[in-house]
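Have a look at the model first.

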Amino acid sequence: MENDIYKVIDKPSEGFYKDKGSKFISYAIRVQSEEEVKEELERIKKLHHDARHHCYAYALGHEREHFRINDDGEPSGTAGKPIYGQILSYDIINILIVVVRYFGGTKLGVRGLIDAYKTAAADALDNAKILTKKMKDVYELHYEYPLMNKVMYILKEENLHQLDTKFEVDCRLTFSVRKKESQRIYEKFSQMHPLKITYLRSE
């Protein structure tokens, strides 16, 4: 991934591949957590309870720091790895790809299995709409009313996206900024006293 640019799929998509009677049905699903991965796997296993294999790979986080591959009974390296290879090839994050196999009676061999799982995973991604997004950091500002004009001026000048505001005894405001501009904006607000700026999350 380049700098703060990343790719995700817009919504779930499906793919299909057939070889020597074996059918490979693939699902590409956007996920945010390992809990979501578990839920989607259970759903697909119920949907295809009569299938012999439910192989999958997933990648979570902007650096794909959480990932897993699973061959689900197929020979080691013939299913989960080629599925994950397609996640890398299409440069996508926060995704689960499940390929369900209905055995057709004829063994495909190691090369045949690798090609089948790779092609089925690629077909699901080819059928998906892939979105290119910019990674953003979210901050909260906490300040007194006299600083309001200065704060609003910077927000407008820097074209920062306001997410939430709470004006009571004092002011609280959350905004998002593109990752590569994050440090510069943080320092800009840090110089305003007695304003307090707090990092909340990245998205």
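The notes below cover a helix pair, one of its helices and the nonpolar cores.

This is a predicted model, in which local features need pLDDT of at least 70 and side-chain atom pairs count only at pLDDT 80 or more, while totals for chains, interfaces and linings use all residues. Residues are numbered from 1 along each chain as its sequence is written, and side-chain values use heavy atoms, leaving out hydrogens and water.

**The helix pair**
- Helix 2 (residues 80-89) and helix 3 (residues 109-126) pack at about 35 degrees, with axes 8 Å apart; axes are lines fitted to C-alpha atoms over the stretch in contact, and angles run from 0 to 180 degrees between N-to-C directions.
- Helices are DSSP runs (H or I, at least four residues), and strands are runs of E (at least two), numbered from the N terminus.

**Helix 3**
- The 18 residues of helix 3 should span 26 Å at 1.5 Å a residue, and the end C-alpha atoms are 25 Å apart, which agrees; the expected span is 1.5 Å times one less than the number of residues.
- Tyr-117 touches Phe-24, Glu-74 and Arg-101, among others, not counting residues up to four places away in sequence.

**The cores**
- A nonpolar core joins buried Ala, Val, Leu, Ile, Met, Phe, Trp, Tyr and Cys residues through side-chain atoms within 4.5 Å, with buried meaning under 20% relative accessible area (1.4 Å probe, protein chains only).
- In the largest core, of 23 residues, Ile-83, Ile-95, Ile-97 and Tyr-117 touch the most other members.
- Helix 3 gives the most to this core, with 7 residues.
- A second, separate core of 18 residues includes Leu-141 and Phe-189.

Notes
Buried < 20%, exposed > 50% of the residue type's maximum accessible area, 1.4 Å probe, protein only. Contact = heavy atoms within 4.5 Å.
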